[in-house]
Amino acid sequence: MDEKRLVVALFGLLVAVVVGALAFQFIAPLTVSVFLYYSTRRFYTSLRRLRVPARVRAVVVMSALAVPLLLVVSYATVLLAVEARQFVMEYALLDVAATHVDWLGEMESLPDLTVSGLYEAYQAGQLSPMVDFLGNHAALLTTVISNFFLNLFITIIVTYYLLLDGYRIREWLLRFDDDAIIREYLEAVDRELEAVLFGNLLNVLAISLIAIAAFSGYNAVAPAGAEVPYPALAGVLTGAASLIPVVGMKVVYLPLTGITALPLVLGGDSSLLVYVLGFLVVAVVVVDTIPDLVLRPILSGKNTHVGLLMLAYTLGPVVLGFYGLFFAPIVLVVGLTFAHTALPRLLGAAEPDGLSPNQMRLDDF
């Protein structure tokens, strides 16, 4: 009997190693999937009150994330291309760029960004240098694009089935309960991950609304020459950038300040720069500092220390790369919840009077 158990255990270990090795190859999309699952699960569960089927609820939740994101990215890309073309043509930057990029020297002017404009430019041979450049780097472009869509496909599929079958994974894990320690720990981790990651989603939405209001309010009092372009889009991008560690929203409002100030500097109208400086102050204080001090502690979970969470968001990408932005907070919550919930019981530590491990805050740890 013991020999059979040993064989089964070795086989299980082998299977676990193979599955783990395969999962490690796709650690980035799998981590993003877990992040999205816990960020949207509360919304998915709330739709149950409307008696919507589970599969429809999962599609609705994922569409609520994907459609606005796709629209914002598409809108931003189109605006960026149009504004960049106008800026390049207005200040004759094509000649300057041609001195550094050889194939740009063969283009007399930038084509109109319309279907007919691009078709006419192709017929006239204006796009030939660009086509040749893309052809020479086709292998690299194909690899990058195929990897992107593969990871996107994995993220969509895993998130969808986590929303549908996440409870089954939870029930399977709870089968290995031992003196209620495993159950207590898994339930605590599950609650805290949802609180932390759903709080991040709320933080993005809140900062987006604050940024839109602040940027639109600035445009209402600033003269036409010093207005911020596309305040609504800039506000949404600012909210999304709040997930980025260290630099955060600065990757949006600092370039936005430069874009607003550059025409004034080139046009010699430096008197309006005081308004641009005022916009920078508004962005730093109203959009960046105050929400970070007020909202983040409220939306950072019930037990996870805000400072440790900030370190996780900061150090995760540094150590692990892009997916560390999502992986590090998950590992932090899992580790701290174990140290706070299961470890004291495993070591036989007494619980504080009237306070269960699930009610204790890490501030008291």
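Me: Buried means under 20% relative accessible area, exposed over 50% and partly exposed in between, using a 1.4 Å probe and the protein chains only, so which of these is Ala28?

Reply: Ala28 is partly exposed, with a relative accessible area of 24%, and its place is in helix α2. Please keep in mind that this is a predicted model, in which local features need pLDDT of at least 70 and side-chain atom pairs count only at pLDDT 80 or more, while totals for chains, interfaces and linings use all residues. Residues are numbered from 1 along each chain as its sequence is written, and side-chain values use heavy atoms, with hydrogens and water left out.

Me: How far is Ala28 from Ile154, C-alpha to C-alpha?

Reply: The two C-alpha atoms are separated by 9.8 Å, although Ala28 and Ile154 lie 126 residues apart along the chain.

Me: OK, zooming out, how many helices and strands does the protein chain have?

Reply: The protein chain has 13 helices and zero strands, where helices (H or I, at least four residues) and strands (E, at least two) are DSSP runs numbered from the N terminus.

Me: What share of the contacts joins residues at least 24 apart?

Reply: If we take the contacts (heavy atoms within 4.5 Å) between residues at least 6 apart in sequence, 66% of them join residues at least 24 apart.

Me: Back to α2 then: is Thr40 buried or exposed?

Reply: Thr40, which is found in helix α2 (residues 27-46), is buried, with a relative accessible area of 3%. Once its neighbours within four places in sequence are left aside, Thr40 is in contact with Val61, Leu65 and Leu163.

Me: At what angle do α2 and α8 cross?

Reply: Their axes come within 8 Å and cross at roughly 85 degrees, the axes being lines fitted to C-alpha atoms, for helices over the stretch in contact, with angles from 0 to 180 degrees between N-to-C directions. That makes α2 roughly perpendicular to α8, since angles under 35 degrees count as roughly parallel, over 145 as roughly antiparallel, 65 to 115 as roughly perpendicular and the rest as oblique.

Me: Which residues make that contact?

Reply: On the α2 side they are Val34, Phe35, Tyr38, Ser39, Arg41 and Arg42, and on the α8 side Asp190, Leu193, Glu194, Ala195, Leu197, Phe198, Asn200 and Leu201. By class, they divide into eight nonpolar, two polar and four charged, where Ala, Val, Leu, Ile, Met, Phe, Trp, Tyr, Cys and Pro count as nonpolar, Asp, Glu, Lys and Arg as charged, and the others, Gly among them, as polar.

Me: How do α8 and α13 cross?

Reply: The axes of helix α8 (residues 181-221) and α13 come within 9 Å and cross at roughly 150 degrees, and the two helices are therefore roughly antiparallel to each other. Among the residues that meet are Ile181, Tyr185 and Leu193 in α8 and Ile330, Val334 and Phe338 in α13. The contact of α8 with α13 has 13 nonpolar, two polar and three charged residues.

Me: What about α12 and α13?

Reply: The axes of helix α12 (residues 306-320) and helix α13 (residues 324-346) come within 7 Å and cross at roughly 130 degrees, which makes α12 oblique to α13. The residues that meet include Leu308, Tyr313 and Gly316 in α12, and Gly324, Phe327 and Leu332 in α13. Their contact divides into 12 nonpolar, two polar and no charged residues.

Me: Switching topic, what is phi for Arg51 and for Tyr230?

Reply: Phi of Arg51 is near 60 degrees, and Tyr230 has a positive phi of about 50 degrees, although neither residue is a glycine. Most residues other than glycine have a negative phi. Arg51 is found in the loop between α2 and α3 and, at 77% relative accessibility, counts as exposed. Tyr230 is found in the loop between α8 and α9 and is partly exposed, with a relative accessible area of 32%.

Me: Last one: which residues does Ile212 touch?

Reply: Not counting residues up to four places away in sequence, Ile212 touches Pro231, Ala232, Gly235 and Val236.
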